[in-house]
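Please work through the following exercises on charged side chains and their surroundings. Each task is followed by a solution in steps.

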Amino acid sequence: MKRAPPPITRDVGRAVRVLQDGGLVALPTEPVYGLGADASNGRAVARIFTAKQRPPNHPLIVHLHRPAQLAQWASVIPRTAWQRAEAFWPGPLTLILKRAPGVLDAVTGGQNTVALRVPGHSLALRVLEQFGGGIAAPSANRHGRISPTTVEHVVSELGDAVDLLLDGGPCDVGIEATIVDVSSASVRILRPGAITAHDLQVVTGDALACGGDDDDGHDTRMRSPGAMTSHYAPQASVVLSTAEHAQRQAEAWRLQGAHVGVLAARQPEALHPSVCWLPLGETADQQAQQLYRRLRQADELGLDVLIAVPPPDEGVGHALRDRLQRAAGRGDETPLAGDASPPGGKR
Ligand code: TXA
Ligand code: MG
């Protein structure tokens, strides 16, 4: 007999009981929804990987109720890590620290570090407080797909693979938390987010690097596999453009028979009526809130090609450009397309 769909609720106590029983709970956090399980229960953690179809070496973020819990999960906590935790938690910042003995390999992907965050969403904080322990929670989407920013997105991504969904409304931030590796002397941003390099530097006054090799000569992008190219992708081919060239590019693709959309803060002039404009929002904060909803909308509309105009590289705009570049399948900063001719056919 077919199982009833998982409950969608705001009942924190019920969510905590599901977690205690080793179940999976979709959890609202301020960046995106997470797929939560008891981080100290190996079986529950294994279910996350099955539900998401995520490769086993991809480490998970452990969510905590308050900064003081850091000491249970990390073995070495530099002074600057405490300073950043105090300044930004609860909030959209994940710290990578040397793991404490006893943290499950399944959580860390076998690495000697662990990712930790105190989320800012009130429902998540209440769950964490009542639960007491750490909750491992990756974004609640299938592997390689767009992170969910509403509970409805989680339903469409994971459906029955979740035991309970906590509905905390649309996510305030809308893109995943900034990840900072503070496990070695050279502090690095592994994933840009709403908390910027500038914000992080102001607190401690020390320098920050982005990506690249760490002290041991390891490529940090390998240690943070989710930060590799080609994530956050809708079904449509995403083509990066500029406000100036978006209309011409859309037209070139349309004339090739593609169903085309344009994702941009402003509607380009003279768009053909069959080309959809997906407004990205005026302010950078609105753009972050809207981005993933718009990428999903591109799929709902059955677009073949989405011409995307990234916002300026300032503040959270840096993280938005990062996500759009990855959606376009390009991990590194490359010049934006200005050529009106479509690249040889569709993906
Ligand atoms: O905003 C967020 O961070 C959301 C919410 C639910 O908290 N979570 C999230 O989780 O985006 P996930 O698993 O989709 O992305 C976590 C990223 C992955 O790229 C993973 O490789 C990286 O964090 N990560 C986790 N542990 C790590 C570690 N020990 N060292 C380096 N990177 C790590
Ligand atoms: Mg993710």
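The exercises below concern one arginine and its neighbours, and then salt bridges. This is a predicted model, in which local features need pLDDT of at least 70, side-chain atom pairs count only at pLDDT 80 or more, and totals for chains, interfaces and linings use all residues. Residues are numbered from 1 along each chain as its sequence is written, chains are lettered from A and ligands numbered from 1 in the order in which they are written, and side-chain values use heavy atoms, with hydrogens and water left out.

**Exercise 1.** Determine where R191 lies and whether R191 is buried or exposed.

Solution. Step 1: R191 belongs to strand β11, residues 188-191; strands (E, at least two residues) and helices (H or I, at least four) are DSSP runs, numbered from the N terminus. Step 2: the relative accessible area of R191 is 14%. Step 3: buried means under 20% relative accessible area, exposed over 50%, and partly exposed in between, with a 1.4 Å probe and protein chains only. R191 is therefore buried.

**Exercise 2.** Identify the residues that R191 touches, not counting those up to four places away in sequence.

Solution. Step 1: a contact requires heavy atoms within 4.5 Å. Step 2: the residues touched by R191 are I61, E176, A177, T178, I179, Y232 and R323. Step 3: for R323, 132 residues from R191 along the chain, the C-alpha separation is 9.7 Å. Step 4: at A177, the backbone oxygen is reached by the side chain of R191 at 3.0 Å.

**Exercise 3.** Locate the salt bridge between R326 and D322 and state whether each residue is buried or exposed.

Solution. Step 1: the closest N and O atoms of R326 and D322 are 2.7 Å apart. Step 2: both residues lie in helix α12 (residues 317-327), four residues apart, about one turn of the helix. Step 3: R326 has a relative accessible area of 7% and is buried; D322, at 8%, is also buried.

Key: A polar contact is a pair of N or O atoms within 3.5 Å; within protein, one must be able to donate a hydrogen and the other to accept it, and residues adjacent in sequence count only if both atoms are side-chain atoms. A salt bridge is a side-chain nitrogen of Lys or Arg within 4 Å of a carboxyl oxygen of Asp or Glu.
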